[in-house]
Amino acid sequence: MLGLFKEDFITWHLLALFLIPFCLCQDEYMEVSRRSNKAVTKVLQSHHQTGHKGSRNHGNNGNNGAPGNEGAKGDKGDKGDLGPRGDRGHHGPKGEKGYPGIPPELQIAFMASMATHFSNQNSGIIFSSVETNVGNFFDVMTGRFGAPVNGVYFFTFSMMKHEDVEEVYVYLMHNGNTVFSLYSYESKGKADTSGNSAVLKLAKGDEVWLRMGNGALHGDHQRFSTFAGFLLFETK
C-alpha cells in the first residue's frame with residue numbers, strides 16, 4: 001500500500017513538472033501576441049491619418065476639355081402605354097338664354113306651280129297646283145297672297161314662255177302697284193325662261209300677286225312656272 005502511494009505521488013509530481021513550463025510558455029505567447037496587435041493598430045492609425053491629411057492638399061483642377069461632337073440620333077422608342085384617365089372637369093358656366101323659336105302665327109310660306117298653259121292677258125295669274133301653303137295665306141282661287149302680319153317678305157317667280165308666242169310680259173303686283181316686270185322673248189316654236197325676285201315690306205292685309213301682260217305661259221307636269229314667298233321677319 002505504501003509502495004503504491006509512492007508510485008502515484010511520483011507520477012503526479014512528474015506530470016506537474018511537465019505542465020508548468022507549458023503553461024508558462026502559453027502566457028508568454030499571449031503577451032507577445034498582444035504587443036504585436038498593438039503595433040499593427042498604431043501603424044494602421046498612422047496610415048489613416050496620413051491619408052486623410054493628404055486629401056486636403058490636392059492639386060488644382062485642370063481646364064475643361066472641348067465638348068465632344070454630337071452623337072447620332074437614336075432610334076425612335078416604342079410607344080408608351082396609355083396613361084390613366086384624367087379626372088372629370090368642372091361644369092362650365094351656364095350659357096345665355098337662346099332666342100325664342102318662331103311661333104306658329106309667324107310661320108308663313110307658300111309655293112304654287114303651273115301644270116297647264118295660261119294665256120289670259122291683263123288678268124291675275126291662277127296657278128293650277130299649290131305645293132306649300134303654311135298658314136293658308138295664299139288664295140288658290142285668286143292666286144293672291146295676303147300678309148297676315150306686318151313684316152318683311154321675300155317673293156320669287158320663274159316662268160317659261162309658251163312656244164306659240166314670241167314674247168311674254170308678267171308683273172309682280174303689290175296692292176295694285178307694279179313692283180317688277182318679267183320679260184321673255186324668243187321666236188315662235190321655241191321656249192324661253194325668265195325669273196325675278198323681290199323683298200317687300202308689307203303691312204297686315206296687303207296683297208301680292210302676279211298679273212299677266214301679253215303672251216302666254218307654258219305649263220306641264222315639270223312645273224317650269226312657279227310663284228313662291230315667305231316671311232323673313234315681323235316688324236312693328
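Two strands count as paired when DSSP finds at least two bridges between them. In this predicted model, that rule picks out an open sheet of five strands, arranged in the order 3-1-11-6-9 with antiparallel pairing. Strand 3 (129–134) and strand 9 sit at the edges, each pairing on one side only. Going from one strand to the next, the twist averages 10°.

On one side, 10 bridges join strand 6 to strand 9, and the two run antiparallel. Within that pairing, phenylalanine 157 has asparagine 196 of strand 9 as its bridge partner. As a general point, strands of a sheet pair through backbone hydrogen bonds, either parallel or antiparallel. Side chains in a regular strand alternate between the two faces of the sheet.

Strand 6 is also mostly covered, with seven of its 10 residues buried. That leads on to the packing. The largest nonpolar core holds 32 residues, and Val170, Leu217 and Phe227 are the ones that touch the most other members. At least two residues of this core come from each of strand 1 (109–113), strand 6 (151–160), strand 7 (167–174), strand 8 (177–185), strand 9 (193–202), strand 10 (207–212) and strand 11 (226–234). The biggest contribution is that of strand 6, which gives four residues.

What does the side chain of serine 113 make a polar contact with? Serine 113 lies in strand 1, and its side chain makes a polar contact of 2.8 Å with the side chain of glutamate 131. A polar contact, also of 2.8 Å, joins the side chains of serine 113 and arginine 223. Leaving out residues up to four places away in sequence, serine 113 touches Phe127, Ser128, Ser129, Glu131, Arg223, Ser225 and Thr226. Serine 113 counts as buried because its relative accessible area is 1%, with the cut-off for that label being under 20%.

Arginine 223, the partner of serine 113 in one of those side-chain contacts, is found in the loop between strand 10 and strand 11. Its relative accessible area is 30%, so arginine 223 falls in the partly exposed class. The backbone is worth a look here too: phi of arginine 223 is near 55°, a positive value in a residue other than glycine.

Asparagine 122 is another residue to check for its backbone angle. Asparagine 122 has a positive phi of about 55° although it is not a glycine. Is asparagine 122 buried or exposed? With a relative accessible area of 57%, asparagine 122 is exposed, since the label applies over 50%. Its place is in the loop between strand 1 and strand 2 (123–124).

Note on methods:
Residues are numbered from 1 along each chain as its sequence is written. This is a predicted model: local features need pLDDT of at least 70, side-chain atom pairs count only at pLDDT 80 or more; totals for chains, interfaces and linings use all residues. Side-chain values use heavy atoms; hydrogens and water are left out. A nonpolar core is a set of buried Ala, Val, Leu, Ile, Met, Phe, Trp, Tyr and Cys residues joined through side-chain atoms within 4.5 Å. Buried means under 20% relative accessible area, exposed over 50%, partly exposed in between (1.4 Å probe, protein chains only). A polar contact is a pair of N or O atoms within 3.5 Å; within protein, one must be able to donate a hydrogen and the other to accept it, and residues adjacent in sequence count only if both atoms are side-chain atoms. Contact means heavy atoms within 4.5 Å. Axes are lines fitted to C-alpha atoms, for helices over the stretch in contact, and angles run from 0 to 180 degrees between N-to-C directions.
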